[in-house]
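The structure comes first, then the notes by topic.

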Amino acid sequence: MNHFIVYHHKTRRFAEYINHYSDIEQMVDAKRATSEIRNLPDNHTTGFAELPDELRRLLFFAKPDVVICYDNGILPIRPVFAFELTNHVPARDHWLQRFNNLVGCAQVGVPGAYVLPFDLSQHSSFPSKLDSAFFYAYDRVMEIHQTPFYIAEWESADQKNLNIDASYADLPVHDSEPMKKTMAFLNKVLTSAINGTPANLLFQERMIVELRDDMRRRAYSPIPKIEDFARLKKNMVNGDFLSWVDIQTWLRDKGIDVPANIPDRIIKRTRNLIFTPIAEERGKNPEQLRKSLNTRIKDKGADPYLGQPLAFDYIFCRLGKTPYERDANLIIDLSMLSFEDFSCYHSKVWEGCPLQHNDLTTIRNIPEYTMFLTEGCAQVMKNFLRVYAFTADLIVFKEGLVYFS
């Protein structure tokens with residue numbers, strides 16, 4: 001019997017909406033499948049280690065709002081589709097900070113859909129439209145990982161208030177054209193999962209070609225540039241990539257020496273991109289900026305800066321499926337922080353690591369222990385550390401730098 005597990009992160013309502021308006025409920029009613037809705041456990045809780053392996057890997061960067069897993073009763077349970085949903089005004093910082101929420105899906109070949117407003121230009125507080133760089137970034141993700149995604153518009157008739165569903169008053173109208181396309185995409189993926197069709201073969205489906213064309217019409221007008229982003233222009237004032245000599249000069253001006261054993265792949269690249277999460281703010285001295293960023297990391301998971309380096313990686317640096325397949329170094333400038341500001345988060349994980357125990361009876365949870373034993377502690381690190389460490393070639397602190405081999 002086919003079985004679907006619909007995991008939700010923030011709200012169960014969206015999981016119920018998907019279950020109801022997709023083919024899942026119809027398959028259940030026809031006795032061709034069973035389904036259940038579960039809450040996604042946090043990374044640091046015991047339940048996280050007990051999740052299916054592929055689902056844990058999908059959650060490395062962040063938790064999508066909904067992840068649908070499939071169990072055919074023979075193979076291990078695996079994720080097959082993910083959703084991200086936001087009703088926020090689509091300002092650039094907002095989509096950048098959430099960019100990473102579906103990238104984990106691409107890394108493991110799981111399709112997904114991002115549902116958000118495109119045009120709230122008459123919004124009373126934050127009038128804005130979704131810019132083309134968002135579509136361009138996700139098109140690059142699809143191209144690199146050969147995994148289909150769809151960006152669906154949560155429509156607004158007056159560009160001020162969102163159109164809402166008659167049965168689910170806090171969610172998009174289910175029979176709007178974008179949501180009909182989204183559910184058709186999901187149903188196609190569910191059928192493919194049941195039939196054992198690999199996700200990358202979906203690119204040969206006419207429906208997926210047309211959905212991707214919807215995105216590409218927006219993605220390439222115009223193509224994003226470095227000068228479009230204030231957190232890149234902070235250290236790249238000419239709006240262009242820096243040479244390695246430029247980087248050495250920049251580091252020397254900060255009183256930082258380049259280590260002699262820095263990997264040659266970093267030195268040999270002729271293009272360098274510097275991302276600075278927080279630029280100068282009027283009236284704030286360096287210590288106040290440090291405090292501001294630390295507060296953001298501690299209390300808000302580094303928003304609005306969390307997903308930005310990964311977005312810039314795909315837009316400007318990445319050529320292949322891993323960060324090693326780049327023609328530009330991605331350097332994260334945290335020179336307003338001390339190393340201790342960063343390391344305090346992984347030191348807490350180290351202090352609680354189950355690998356420190358010699359007595360089996362002190363191991364509180366075997367799945368957690370074996371997860372640490374085989375995958376290390378990265379899965380339970382704070383999101384900020386996971387995403388920045390995965391993305392960066394160099395991270396620069398006040399007193400020095402770390403590099404990634």
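Phe-14 and Tyr-17 are about one helical turn apart, because they are three residues from each other in helix H1 (residues 12-21). Helices (H or I, at least four residues) and strands (E, at least two) are DSSP runs numbered from the N terminus. The model is predicted: local features need pLDDT of at least 70, side-chain atom pairs count only at pLDDT 80 or more, and totals for chains, interfaces and linings use all residues. Residues are numbered from 1 along each chain as its sequence is written, and side-chain values use heavy atoms, without hydrogens and water.

**Aromatic pairs**
- Rings of Phe, Tyr and Trp (its six-membered ring) pair if their centres lie within 6.5 Å; planes under 30 degrees apart are stacked, over 60 edge-to-face, the rest tilted.
- The whole structure holds 29 aromatic pairs.
- Phe-14 and Tyr-17 make a tilted pair, 5.9 Å centre to centre with 35° between the planes.
- Tyr-17 also pairs edge-to-face with Tyr-168, at 5.5 Å and 85°.
- That pair links distant parts of the chain, 151 residues apart, with Tyr-168 in the loop between strand E8 (149-153) and helix H7 (177-195).

**Burial**
- Buried means under 20% relative accessible area, exposed over 50%, partly exposed in between (1.4 Å probe, protein chains only).
- Both Tyr-17 and Tyr-168 are buried.
- Helix H13 (residues 308-317) is largely enclosed by the rest of the structure, because 10 of its 10 residues are buried.

**Charges over rings**
- A charge sits over a ring if NZ of Lys or CZ of Arg is within 6 Å of the ring centre and within 35 degrees of the ring normal.
- Arg-318 lies over the face of Tyr-314, 4.5 Å from the ring centre.
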